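Dear colleague,

Here is the structure you asked about, for you to look through. My notes on it follow below.

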Amino acid sequence: MSLASAIAEAIPGLQCSDSTPDRISYARDLWPRHMIAVRAGRIADHRPGVVVWPERTEQVVALVKWCGQEGISLVPYGAGSGVCGAVLPTAQTVVMDLKRLRRWRRFDPEAGVLDVEAGAMGIRLEEDLEARGFTVGHFPSSILCSTVGGWIAGRGAGQCSGLYGKIEDMVAAMECVDGRGEVVTLRRRTAGPDLTPLIVGSEGGLAVVTSAELRLHPYPARAFAALSFGTMERGYEAIRAIYQRGLRPAVCRLYDPFDSMMARRSAAKHAGQATTHQPTDGKDHPPPGVGAAALRTVLRIPGALNRAVDLLGARAFGGATLVLVFEGEPERIEAELGVARRIGIGCRGRDLGEGPARHWYDHRYSISYKLAPVFMSGAFADTMEVAAPWSRFGTLYEEVRRALGRHVFVMAHMSHAYPDGCSIYFTFAGSDRDEAAAERRYDEAWRTALAAALEAGGTLSHHHGVGRSKADALGVELGSGVEVLSAVDQAFDPQGILNPGNLLPPKVPPRRPLPPPPSRPELDSKSQLVHAAGDATLGEVEDVLAARGLTLGCTVAGADHRTTTVNDWLCAGAPGGPDPWLDPVDHLVAGYSATLGDGGPALQIRPCPRRAAGPDLFSLFFGTQGRAGRFHSVHLRARGAGAVPLLTPIDRNPALEVGEERWLERAIAAARGVS
Ligand SMILES: Cc1cc2nc3c(=O)[nH]c(=O)nc-3n(C[C@H](O)[C@H](O)[C@H](O)COP(=O)(O)OP(=O)(O)OC[C@H]3O[C@@H](n4cnc5c(N)ncnc54)[C@H](O)[C@@H]3O)c2cc1C
C-alpha cells in the first residue's frame with residue numbers, strides 16, 4: 001500500500017497527495033545551494049513520499065501518532081521560505097504543510113494578544129491586523145511567503161526588531177504537539193519556568209507548533225531619518241550610542257558604501273514611479289545575455305573585485321547610509337528621532353533628510369527578491385547573518401568579510417541592533433567555470449566564513465537558523481550543548497520522527513573544559529555586559545557597575561542583595577529583575593556557562609545579543625530552582641539609560657499547568673541524564 005493510501009485509511013478526512021507536482025513542490029526549502037542543483041537540471045532530488053494538509057490540531061496529533069507507530073519521519077512545513085536546508089525529505093517522509101491551520105482562535109486586545117494558528121501567512125496576518133488598528137510588529141523580508149509557525153521554529157527576526165524584538169520576544173504562549181502526539185500549551189513566564197524558548201528555534205525537531213498567542217501593539221505612526229557616514233565604523237558607533245541611550249528605532253540599518261550606492265541607483269530608477277512594497281514581477285530584469293556573461297566573469301575574480309571596491313571606498317560610492325524609522329505615538333517618535341539624528345551627527349554623520357529612509361520603507365520587501373536574477377545569470381548568491389556583542393563586533397565584521405571575500409564578492413549591512421550588540425547581514429555572489437565548481441566555491445565560502453564568525457566570538461546565525469547548512473558549525477558554537485539538545489530531543493521525540501537529520505550536527509563535538517569564572521565581576525563597558533561568577537553576589541556585581549553609572553536594574557533590596565548569589569537569583573527566576581515585556585529589545589543574560597546535574601558536564605554559551613542557533617537551553621536553568629544544574633558564570637546586561645516602556649496587559653507569570661510541568665520534568669531529567 002502506498003504511504004498516501006495508508007494515511008487516508010488511518011486518518012480519514014486528512015487531505016493528502018502523492019502526485020508528482022506536489023512531491024516536487026515540497027522537495028526542498030529556499031536554501032540557495034539547491035538553486036545551483038536546479039540550474040544543473042537536478043530539479044528535486046529529495047521528493048517526499050506524501051504531502052498532507054491538516055486543518056485541526058487533532059489531525060496533527062493523529063498523524064504524529066501514526067508516524068510514530070509506523071516509524072515514518074514527519075517534516076512540519078510552513079511556506080518553505082527557509083534558507084538553511086531545514087526541509088530535505090526522502091521518499092519515506094511525510095511532509096505536513098500547516099497552511100490550512102490558519103484561523104484566528106482569539107483576538108483579544110484587552111489581554112494584549114492574538115491567538116492565531118501556526119499556518120497563518122505573514123502578510124495576510126499583518127494586513128488583517130492593520131485593518132483593526134493593531135500590529136504584531138514582525139516584518140521579515142519574507143513576510144509575503146512565510147508563516148507564523150515558520151517564524152517561531154526558525155527563531156526569526158523582522159525588520160522592526162529594533163523596537164518589538166525578535167519572534168521569541170513576541171510569543172506569549174504556544175500550543176505544541178510533541179513527537180509522542182502529546183498536546184501542551186506552553187506559556188511564557190518572566191520569572192520562569194518557561195519552556196517556550198526551548199521550542200522556539202527547534203526547527204521542527206522537538207514539536208509541531210499548532211498555534212501561538214502573539215503580542216499585540218497599537219498600529220503606530222512613523223518618523224524617518226537617514227544619515228551618511230564616511231566609514232562603516234562611524235556608522236555602527238552611532239547605532240551603539242543610539243541604543244545605549246535608550247532609544248529604540250524600530251528600523252535601524254547601516255548599509256556599506258557599495259550597498260548604499262546600489263540603493264541610491266534604485267531610488268533614482270524608481271523616482272517618479274508609484275511606490276510599492278510588492279516584489280518585482282521580473283520585468284525589471286532583462287533576460288540574461290552579455291551582462292550575465294560579464295557578471296559571471298567578474299565574479300570569478302572575487303579577491304580583485306573586493307579589493308577594487310575597497311580601494312574606491314566610501315569616497316567614490318558616497319559613504320555608508322544609516323536608515324532610521326521610529327514607530328509609536330507621533331510626539332514621542334519625533335522627539336526620539338531628533339535625539340538619534342543629533343547622536344548620528346555627533347558621530348560625524350551627515351544628515352540626508354528623510355528621503356532615503358522613506359524609499360527604503362516603500363521597497364522594504366522587494367530587495368530580498370534580487371537574488372533570483374543572479375542565479376538566472378549563471379552565478380550564485382546567498383546571505384549570511386551573524387551577530388556579536390559590540391566589543392567583538394568590529395572584528396566579526398572584518399574577519400567574516402575577509403573570509404567570504406576570498407571566494408565571493410561581498411556586500412554588508414547591519415540590520416538588527418541591541419544595546420549590547422548587533423547583527424551583520426552579508427550578501428554575497430560568486431561564479432565558477434561549471435556547476436560542480438560553483439558548488440565547491442559556495443561550500444568553501446560558507447565553511448570559512450562560519451569558522452571566522454565563531455573564531456571572532458560571534459554566533460553562526462542571528463535569525464535564519466541552522467538547518468542542515470550550518471549543523472556542523474552548531475557543534476562548534478554549542479559544544480556540550482549539542483549533547484544536551486540531543487537528550488532533550490530524545491525526550492520529546494523518542495521515535496526520532498520529527499524532521500530527522502536537521503539542526504543537530506552528525507558528530508558530537510568534543511567536550512571543552514570550562515575556564516575558571518572571573519574572581520570579581522568584569523565589565524565589558526563597550527557592550528554594557530558584566531561577566532560574573534555564579535557565586536558572586538548581586539551586591540558585588542552592582543558595586544562594579546555603580547562605579548560606571550550602570551546597574552542590573554534589579555529591585556532585590558538591601559541585605560538580600562549582599563547575600564543573594566547570581567546563580568541563586570537566576571535559578572529563582574530573577575525576582576525583582578527588569579520586565580522583558582517592557583523593553584523587548586533588551587534582555588537579562590547574554591551568555592553563560594553552567595554545570596549539569598550534580599557536577600556533570602559543562603555547558604558554555606558565548607555572549608550574544610540574540611541568536612538563532614537552535615533551542616535556547618537557558619530555559620532549563622532559569623527559574624527551575626537548580627534542578628537542571630547551576631550557573632558557573634554569567635554575562636549579565638548592565639543597564640544605563642532605560643527605554644520608554646512598551647506597556648502591555650499580558651499576564652507575566654501565569655500558573656504552570658499539569659502538561660507543562662510534565663514537559664518541564666522531561667526536559668530537566670533529559671539534561672541531568674547527560675553524563
Ligand atoms: C526572500 C527571503 C527573505 C527572508 N527574510 C527573512 C527575514 O527578514 N527574517 C527572518 O527571520 N527570516 C527571513 N527569511 C528566512 C525565512 O523566511 C524564515 O526562516 C521564515 O521564518 C520561514 O518560515 P516558513 O513558514 O517559510 O517556514 P519553512 O521554511 O516552511 O520551515 C522552516 C523550518 O521551520 C519548521 N516549521 C515550519 N512550520 C512549523 C511549525 N508550525 N511547527 C514546527 N516546525 C515548523 C520546518 O520544519 C523548518 O525546519 C527570508 C527568506 C527569504 C527567501
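This is a predicted model: local features need pLDDT of at least 70, side-chain atom pairs count only at pLDDT 80 or more; totals for chains, interfaces and linings use all residues.

**The ligand and its surroundings**

The shell as a whole counts 34 residues, and the closest of them are Pro 76, Ser 81, Ser 142, Thr 147 and Ala 157.

Ser 142, one of the closest residues, places a polar side-chain atom 2.6 Å from a ligand oxygen. How much of the ligand does the protein bury? On its own the ligand exposes 970 Å², and the protein buries 95% of that area. The elements that supply two or more residues to the shell are strand S3 (73–77), helix H6 (148–154) and strand S10.

**Confidence**

The mean pLDDT of the protein chain is 94, and 96% of the residues reach at least 70. Strand S10 (residues 207–215), which also contributes to the ligand shell, has the highest mean among the elements, 99. The lowest mean, 78, belongs to helix H21 (residues 558–563). Residues 274–282 have a pLDDT below 50; apart from near neighbours in sequence, this stretch makes 13 contacts in the model.

**Backbone geometry**

Two places in the backbone deserve a look. Most peptide bonds are trans, and most residues other than glycine have a negative phi. The bond between Gly 192 and Pro 193 is cis, with omega at about -10°. Pro 193 sits in the loop that runs between strand S9 (183–187) and helix H8 (196–199). Asn 499 is not a glycine, yet its phi is positive, about 40°. This residue, Asn 499, belongs to the loop between helix H19 (481–492) and strand S19 (522–524).

**Surface**

Which residues form a nonpolar patch on the surface? They are Leu 295, Val 298 and Ile 301, and together they have about 210 Å² of accessible area. Of these, Ile 301 lies in the loop between helix H11 (290–299) and helix H12 (302–317).

Regards

Technical notes: Residues are numbered from 1 along each chain as its sequence is written. Side-chain values use heavy atoms; hydrogens and water are left out. Patches are made of residues with over 30% relative accessible area and no salt bridge: like charges are joined within 9 Å, nonpolar side chains (Val, Leu, Ile, Met, Phe, Trp, Tyr) within 5 Å. Accessible areas come from the Shrake-Rupley method with a 1.4 Å probe; for residues, only the protein chains shown count as cover. A salt bridge is a side-chain nitrogen of Lys or Arg within 4 Å of a carboxyl oxygen of Asp or Glu. Helices (H or I, at least four residues) and strands (E, at least two) are DSSP runs, numbered from the N terminus. pLDDT is the predictor's confidence in each residue, from 0 to 100. Contact means heavy atoms within 4.5 Å. A residue is near a molecule or strand if one of its heavy atoms lies within 4 Å of it. A polar contact is a pair of N or O atoms within 3.5 Å; within protein, one must be able to donate a hydrogen and the other to accept it, and residues adjacent in sequence count only if both atoms are side-chain atoms.
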